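Visitor: Please put the model up. I would like to go through its side-chain contacts with you.

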Amino acid sequence: MKKIAALITLLFILNSCTPEDDGLKYSFELVKIESVELPAEFSLGQVYPITVHYKLPTSCHFFNNLYYDKNLNVRTIAVECAVADRNDCEDLPNQTAEYTFNFEVTSNGGTYIFKFYQGKNEAGENIFLQYEVPVTN
């Protein structure tokens with residue numbers, strides 16, 4: 001629970017930042033991860049690509065960073081977008097993008113649990129796509 005609170009705190013801190021390198025102001029927000037490509041199982045010591053497919057809500061949203069937190073064998077992952085403060089942003093109802101990162105298997109503690117951020121429910125609580133991937137030797 002502390003990790004999720006830290007994620008939300010990070011989001012608010014980043015929202016207060018407004019880089020103006022191109023004359024535009026930006027805010028930052030986490031966007032919904034629609035789907036994930038990851039293996040059905042891992043082998044200790046191997047490196048695997050994991051691809052996340054995420055939603056870009058408007059033409060003013062741009063990939064900024066991948067939030068990645070680890071706690072024992074639990075990995076919490078979210079996509080952070082920079083959002084340009086412009087008046088000409090267009091809604092992109094069907095626009096998705098993808099980001100691939102490499103995951104190195106360093107634990108043979110049974111199973112890795114991946115939690116991919118999907119937004120908030122009606123009660124304002126974070127919701128996640130969750131996958132369990134066993135480590136085989």
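Visitor: What should I know about the numbers?
Guide: The model is predicted: local features need pLDDT of at least 70, side-chain atom pairs count only at pLDDT 80 or more, and totals for chains, interfaces and linings use all residues. Residues are numbered from 1 along each chain as its sequence is written, and side-chain values use heavy atoms, leaving out hydrogens and water.

Visitor: How many aromatic pairs does the structure hold?
Guide: Rings of Phe, Tyr and Trp (its six-membered ring) pair if their centres lie within 6.5 Å. Planes under 30 degrees apart count as stacked, over 60 as edge-to-face and the rest as tilted. The structure's total is 13.

Visitor: Why does the pair of phenylalanine 42 and tyrosine 48 have the class it has?
Guide: The ring centres of phenylalanine 42 and tyrosine 48 are 4.9 Å apart. Their planes meet at 45°, so the pair is tilted.

Visitor: Is tyrosine 48 buried or exposed?
Guide: Buried means under 20% relative accessible area, exposed over 50%, partly exposed in between (1.4 Å probe, protein chains only). Tyrosine 48 has 17% relative accessibility, so it counts as buried.

Visitor: Which strands hold tyrosine 68 and phenylalanine 101?
Guide: These two rings form an edge-to-face pair, 6.0 Å centre to centre with 70° between the planes. Strands (E, at least two residues) are DSSP runs, numbered from the N terminus. The pair links distant parts of the chain, 33 residues apart. Tyrosine 68 lies in β5 (residues 61-71) and phenylalanine 101 in β7 (residues 96-104).

Visitor: What is the angle about the S-S bond of cysteine 60 and cysteine 89?
Guide: A disulfide is a pair of cysteine sulfur atoms within 2.5 Å. The sulfur atoms of cysteine 60 and cysteine 89 are 1.8 Å apart. Their link is left-handed, at -95°.

Definitions and conventions:
Helix = DSSP H or I, 4+ residues; strand = E, 2+ residues; numbered from the N terminus.
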